[in-house]
Amino acid sequence: MSRKRVWGEVAPVVEEVCLRLEAGEPLAVVCREAEMPHESTLRAWLRRYPDLKARVDAARAAGLAVQAARPLVIRVRPVVFDAALADAVCERLAAGSQGLEAVCADRDLPSSATVYRWLADYPDFATQYGEARRIQAHRMFDEARAIAKAATAKSVAVAKLRIDTLKWQAAKLAPRVYGARVERDLEPEAPVINVEIVKFGDAHRLQKEVDDLRARLAAAGLELPPPSVEEPYV
């Protein structure tokens with residue numbers, strides 16, 4: 001990284017790493033993605049924040065248990081769009097705080113790469129996926145509140161980490177509801193109202209001048225055309 005990150009920036013990223021480790025993904029695979037920190041960067045963060053190191057160690061242990069429990073059966077992942085599988089992915093996302101990678105760790109479901117391709121190719125599925133993510137944001141909010149209520153003096157540091165992570169994720173998934181602020185370009189523009197102020201004293205003066213002019217022209221045998229409805233003093 002080009003600069004040091006503070007706790008509020010590091011904690012949510014490390015929590016995302018932990019969620020994927022708990023799902024059974026190897027650390028090397030997780031850290032290989034562009035959105036994730038490099039392994040060397042992650043190690044530097046863990047040296048700086050012992051609480052995060054304990055969280056990562058626990059996640060890796062849980063992931064190893066998940067890997068050991070998986071049956072040694074080779075199954076071909078589905079790649080052709082299937083409405084039932086699409087529903088299953090969205091239901092799993094909406095049911096809790098798991099990320100897409102964790103959901104797609106289930107070998108009976110399509111890989112995350114397949115799901116991303118479906119999102120690009122099938123607009124109806126993209127809409128369904130977006131709604132599942134918004135529901136997930138509401139569940140994250142409820143989960144954060146439950147964690148806060150159950151926190152004790154000993155667990156407050158870990159609880160804060162989990163709550164900050166859930167808040168960050170909820171704000172990204174449903175920014176209109178949980179974001180710190182609504183982006184200006186998402187708000188409808190206020191209508192422009194033009195107000196014309198006419199002083200009644202000026203209107204009466206102008207009317208008198210017009211009447212005088214009409215009288216002088218009438219005396220000379222001439223006349224003005226009838227007044228227009230567009231004249232402001234009529």
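Biologist: Which residues lie nearest the centre of the largest pocket, and how many residues line it?

Modeller: First, a caution: this is a predicted model. Now the general idea. Rolling a probe the size of a water molecule over the atoms shows where empty space is left. Here, 21 residues line the largest pocket. Glu16, Met36, Arg133, Trp168 and Gln169 lie nearest its centre.

Biologist: What is the volume of the largest pocket?

Modeller: The volume is about 490 Å³.

Biologist: Which helices each supply at least two residues of the lining?

Modeller: Look at α1 (7–22), α6 (100–103), α8 (123–150) and α9 (156–173). Each of these supplies at least two lining residues.

Biologist: How many residues of each class does the lining of the largest pocket have?

Modeller: Sort the lining by class. There are 9 nonpolar residues, 5 polar and 7 charged.

Biologist: Take Glu16. Where does Glu16 lie, and what is it in contact with beyond its neighbours in sequence?

Modeller: Glu16 lies in helix α1. Set aside the neighbours within four places in sequence. Glu16 is then in contact with Met36 and Gln169. Both partners are also among the residues nearest the pocket centre. Glu16 and Met36 are 20 residues apart along the chain, and their C-alpha atoms are separated by 8.7 Å.

Biologist: Now α6. Which residues is Glu101 in contact with, leaving aside its neighbours within four places in sequence?

Modeller: Glu101 has its place in helix α6. Its contacts of that kind are Arg20, Glu25, Glu33 and Ser112.

Biologist: Why does Glu101 count as buried?

Modeller: Burial is read from relative accessibility, and the cut-off for buried is under 20%. Glu101 has 18% relative accessibility, so it counts as buried.

Biologist: Let me step back. How many helices and strands does the protein chain have?

Modeller: The chain has 11 helices and 0 strands. Read along the sequence, the pattern is α-α-α-α-α-α-α-α-α-α-α.

Biologist: What share of contacts joins residues at least 24 apart?

Modeller: Count contacts between residues at least 6 apart in sequence. Of these, 63% join residues at least 24 apart.

Biologist: And for the chain as a whole, what share of residues counts as buried, and what is the accessible surface?

Modeller: Of the 234 residues, 30% count as buried. The accessible surface comes to about 15800 Å². Carbon and sulfur atoms account for 59% of that surface.

Biologist: Next, cysteines. How many disulfides does a search of the whole structure find?

Modeller: A disulfide is a covalent bond between the sulfur atoms of two cysteines. The search of this structure finds 0 disulfides.

Biologist: Are Cys90 and Cys104 buried or exposed?

Modeller: Cys90 counts as buried because its relative accessibility is 5%. Cys104 counts as buried too, at 4%.

Biologist: Where is Cys90, and what is it in contact with?

Modeller: Cys90 has its place in helix α5 (residues 83–94). Leaving aside its neighbours within four places in sequence, Cys90 is in contact with Phe125, Gln128, Tyr129 and Ala132. Cys90 and Tyr129 are 39 residues apart along the chain, with C-alpha atoms separated by 5.8 Å.

Biologist: One last case. Where does Tyr49 lie?

Modeller: Tyr49 lies in the loop between α3 (39–48) and α4 (50–69). Tyr49 counts as buried, at 15% relative accessibility. Now compare sequence and space. Tyr49 and Val10 are 39 residues apart in sequence, and 9.5 Å apart in space, C-alpha to C-alpha.

How values were computed: Residues numbered from 1 in each chain as written. Predicted model: local features only at pLDDT ≥ 70, side-chain atom pairs only at ≥ 80, totals over all residues. Heavy atoms only, no water. 1 Å grid on protein atoms, 1.4 Å probe; cavity = no way out; pocket = protein on both sides within 12 Å on 5 of 7 lines; lining within 4 Å. Points joined across faces, edges and corners; volume = space filled by probe spheres on them. Helix = DSSP H or I, 4+ residues; strand = E, 2+ residues; numbered from the N terminus. Nonpolar A, V, L, I, M, F, W, Y, C, P; charged D, E, K, R; others polar. Disulfide = S-S within 2.5 Å. Buried < 20%, exposed > 50% of the residue type's maximum accessible area, 1.4 Å probe, protein only. Contact = heavy atoms within 4.5 Å. Areas by Shrake-Rupley, 256 points an atom, 1.4 Å probe, with all protein chains shown as cover.
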